[in-house]
Amino acid sequence: MIKNHWIKTALAASLVTASVAASADSIKIGMTQPLTGAVAASGTYVANGAKLAVEQINAKGGVLGQQIELILEDNKSNPREAVNSVEKLVLRDKVPVIIGAWSSTFTLAIMPKIEEYGVPLIVETSSSSKITTQGNAWVFRISPTSEMEAIAFAKKLKTFDPPIKQVDFLSVNNDWGLGAANEFKKIFADNGIKVNQIETVAPDATDLSAQLAAVKGSGSDTLIVTSGVEQLTLAIRQAAEQRLPQRIITTGGSFPEQLIANPGPKGYTSTHLLFFSPWTPEAAINPVVAKNYMDGWKEKDYPFPGLTEGFRGYDAVLTAVEAIKLAGKAEPEAIKEALWKTAVNGVNGDIAFIKSGPAGKESGQNVPNIYVVQLKDGVVSSAE
Amino acid sequence: MDQFLQHFVNAMIMGSTYALLGIGLTLVFGIMRVVNFSHGELYALGAYTAYGFVALLELNYFNTLFMAIVVGFLAGWLIEFVLLRRCKLEQIDEVMLLMIGVMIVMQNTQLWVWGGVAKVVQTPFAQEPLVFGAVSVSPTRVFVFFAAMFLLTLFYFLIEKSRLGMAMRATFQDKDAAQIVGVNVKRIYTVTFALGSSMAAVTGALLAPVFLVAPTMGDLASLKAFAIVILGGLGNLVGAAMGGFVLAMLEEFGAGYISTAYRDAFGFLVILVVLLFRPQGMFASKERVG
Amino acid sequence: MLRTIVFILTCVLLALVPVIYPDPYTLSVVGVAGIMIIAAMSLNLLLGFTGQLSLGHVAFFGIGAYASALTSLGFDVYLGFGQTLVVTPKPVWVAFVIGIIAAAASGWLIGRLSFKVRGAYFVIVTICFAQVMRLVSLNWVDLTEGPMALSAIAPLTFWSPTDGIVNITSKTGIYWLVLSVGIVCYVIIAGFVYSRVGRAAVALRENETLARSIGIRVTHYLVLTTLISAGMAGAAGALYAHTVRIIDPDVFLFIYTITMVIMVIAGGKGTLAGPVIGGMIFGLMPEMLRGVVAPEVQWILYGALMIVILLFLPKGIVPAFTLILQRLSKGLKANQSKQPTEIISTKTLVGTKP
């Protein structure tokens, strides 16, 4: 037991020195993303986008005369680890603003802590409507809700040939997948489209053949798939293997980039709803910003299809930095107030927050743009 | 009902790979009485070997399979030679924990080297599925089946017809008697472990283009291997082969007709049910397990 | 006597840590490490004292966590045939106890079922049990929220004469809570180990056939030990649920069992202090190594350390350390005595006085 006491003293001493060393002259932005685990591909892209933005801004002098330090924590594709990562960012690194946490489930998990510690959260990817309607005044979302996505998709329904008459769903069984299925279901009902099968899949499953076999004979002409990059790739491949008659449309903004290098069967087409399409940069609302982003990404040799998600981290950092500038200081409360006044030209479009949720405790919500692309034989083209 | 045939075909294909995986594990248990918890990591090693050679070095896929066998063999050799030899194999608990230690080191090394993002291995076959009536299979999976059956046959001849196989069987039956008649038991142990590891590795390489290659893929493989081995009886080679097919059938039909979500659970349920009611396995004669 | 004094002194010192060094982040890290230590101590009871390698121990931890969390949140479960079981939210300490009971009950079940099989078979059954629990909690979304995680779990409460019922949410409060539960568990284990039941359990570890032959009801004692061990793991799980206040199916992952196993093995299985020391080292190492090496490399080091300890220091750190202490204080004379007297209990209890 004596040894135990010395360990504690040593630990205490080392932590004191560590914290003294860390409080150098920099403004910190915290970020929690899934860098390992079931959705690591997307999380890594978003993190890379953020790192790129920080580098570019630092090269131009940083903000408020100081350099920006991005403190990135891995939430391991797990809601409990997400909470853990936020505790680290707030208690250990004392960040004044946090970006995160990719999946709606992880974001919902950390929202109570955000409120408890009073640190503003910029939500860059999550789409569940619950996030901005719970009355958490510290939440500011730049990504669209599933509802917005569904509404935007409804506007493009006429462009599909053969027309969409009956649909099946294949969704990852978490807040995001289930929420998306719900919203799209409503839109389809409003447009007279029949919903047949709704299949769910665990976030880390690799064999989707059972679910695909279940929808194979449903009579639908379309299968809506909502999941991360890894499962989209598996779903499309395995659907082709099983010769599913449905055309596949993916939602959520992820792109199965492995299918460019390793395409499916000849002539096989899949359609994808994205929030940034690097294959059609001319359609971007802010071409200068988009170009900066794409050029910087290319310079760092990051994989090209990652641009479809990296912009989320990029735009989130731009937003955070603008808010810090407006606030005049790197303090949570000030940044929160400043976010309401923030207007930024982002890669996805113009970012600004409108009130959402119960009166007096609104969260901020942005209204972003949606792009539709088609993937065939390893080539991507616009589907609008 | 038309789905029945499709499920059957899927199950046969997965079953052949499961059989390979299971035999590797049961071989090691049968001859050395070692419960190899790192078996799944050798599977993952084979898959990453496939990724490394195909995607990075752009080697031919078939040569890569051969490389996976070699890499698996060497890894198994190393583990046995450096670590297992130092242990008294009778102390089952220590050995099991040692293998768990190996598993941790291997899995995290793979995570460190390759990163946490899942990788895709390009298949050399066309993507168009082959169609036979109501059943469609991708050419990749057809190849996997035939490759696995080929390796199983090869293994059969090794065990039954070769001198090495005879020595292994002798050690399996009674290691002291085998030693008396001149079998170098230590060397047999090393070869056995290496062989079992190479079988896991080649299974990983075969399945790499079918699924994804991720650092944690070994966990599920390990647990399924255990299910197969328990089903067949620990140490029972024929049992493991049959167990592989039985598990695949259970998973495929269970997922198809009972619940898609619980697919991977059937393996565990199998283990629990078999161990509680017929612990010596479906295909073995009675053996003391308690 | 000396043993008791050291113990009390250590408890007091540990209790003073938040006063000396009140940094909330450190306290939260140590708090979580403390919960893992309690789980490790419970595993040690099974692994170290009865010699049963149970690798599904995290199942009891998770069951305790979920049972306690669900009871405090209230739940309804559809039982089929139009019947729904509705449970209203219960006070948090009631939920805590229910968590312990649920874990102990599953321990009893596993004990009764698995002790028909031993050795490798037992190990495999225990692993599978944990995996099945994970899959059930992942897929029974109506009850457990599956991957969406059970959140907004109530914190444990403390009654103080001045403020009445207070929620334990501060890092300092959590630290003291975990410390108290830890001390209670330690005392229970010590009491168990030195009692008749404990001696019977150790007898069966040393030589099961012999123990059976002199009339010790082996299965009975194994089940009893498993029950206590599971209940304690459940307590750790429930504690975790009410301090972290979010639980998801990944709490059943094999890696947490491995963590507990490493703590016990490295510290010294079969010793009282072993899991505590092992837990301190492995619970705090991630923080100490942060920035120095990547997390994957840390785990490579843990695995390697475990292998090294298994091969070269099979008894663990605590016994080895004690032996060194003895050698230093007694010089070469220590070589002759096979059983040195100890400050910390390290040896097996067969044939020694309590």
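**Entry 1: chain A, between its domains**

I started with a salt bridge in chain A: the side chains of A:Lys130 and A:Asp175 meet at 3.2 Å, N to O. The rule I used takes a side-chain nitrogen of Lys or Arg within 4 Å of a carboxyl oxygen of Asp or Glu. Before going on, I noted that this is a predicted model, where local features need pLDDT of at least 70 and side-chain atom pairs count only at pLDDT 80 or more, while totals for chains, interfaces and linings use all residues. Residues are numbered from 1 along each chain as its sequence is written, chains are lettered from A and ligands numbered from 1 in the order in which they are written, and side-chain values use heavy atoms, with hydrogens and water left out.

I then looked up the domains of chain A: domain 1 covers 2–144 + 286–365 and domain 2 covers 147–274, with bounds from an automatic or database domain assignment. Their C-alpha centres lie 30 Å apart. For contact (heavy atoms within 4.5 Å), I have 20 residues of domain 1 of chain A against 16 residues of domain 2 of chain A.

How much area is buried between domain 1 of chain A and domain 2 of chain A? I get about 1400 Å², with carbon and sulfur atoms giving 56% of that. Buried area here is the accessible area (1.4 Å probe) that two parts lose on being put together, summed over both. On the domain 1 side of chain A, A:Ala38, A:Pro305 and A:Thr308 supply 27% of the area buried against domain 2 of chain A, more than any other three residues.

Across this interface I find one salt bridge and five residue pairs in polar contact, both residues at pLDDT 80 or more. A polar contact is a pair of N or O atoms within 3.5 Å; within protein, one must be able to donate a hydrogen and the other to accept it, and residues adjacent in sequence count only if both atoms are side-chain atoms.

Next I checked which helices face domain 2 of chain A. Helix H2 (40–59), helix H4 (104–117) and helix H12 (307–327) of chain A each supply at least two residues of the domain 1 side. I took helices (H or I, at least four residues) as DSSP runs, numbered from the N terminus. H2(A) brings the largest share, four residues. By class, I have nine nonpolar, eight polar and three charged residues on that side of domain 1 of chain A. The classes put Ala, Val, Leu, Ile, Met, Phe, Trp, Tyr, Cys and Pro as nonpolar, Asp, Glu, Lys and Arg as charged, and the others, Gly among them, as polar.

**Entry 2: chain B against chain C**

I moved on to the pair of chains. The contact takes 39 residues from chain B and 37 residues from chain C. Together they bury about 3600 Å², 83% of it on carbon and sulfur atoms. In chain B, the residues that lose the most area to chain C are B:Leu97, B:Ile104 and B:Leu276, together 16% of what that side buries.

Which side chains form the salt bridge here? C:Lys269 and B:Glu94 do, at 3.2 Å, N to O, and the count between chain B and chain C is one. I also find one residue pair in polar contact across this interface, both at pLDDT 80 or more.

Helix H4 (92–114), helix H9 (217–232) and helix H11 (265–277) of chain B each supply at least two residues of the side that touches chain C. H4(B) has the largest share, 15 residues. That side of chain B divides into 30 nonpolar, four polar and five charged residues.

**Entry 3: chain C, between its domains**

The domain assignment of chain C gives domain 1 (28–311) and domain 2 (313–343). I noted 14 residues from domain 1 of chain C and seven residues from domain 2 of chain C in the contact. The area buried between them is about 640 Å², 66% of it from carbon and sulfur atoms.

**Entry 4: an aromatic pair**

Last, I looked at rings: the structure holds 35 aromatic pairs over all chains. Rings of Phe, Tyr and Trp (its six-membered ring) pair if their centres lie within 6.5 Å, and planes under 30 degrees apart count as stacked, over 60 as edge-to-face and the rest as tilted. A:Phe153 and A:Phe184 have ring centres 5.6 Å apart and planes at 50 degrees, so I logged the pair as tilted.
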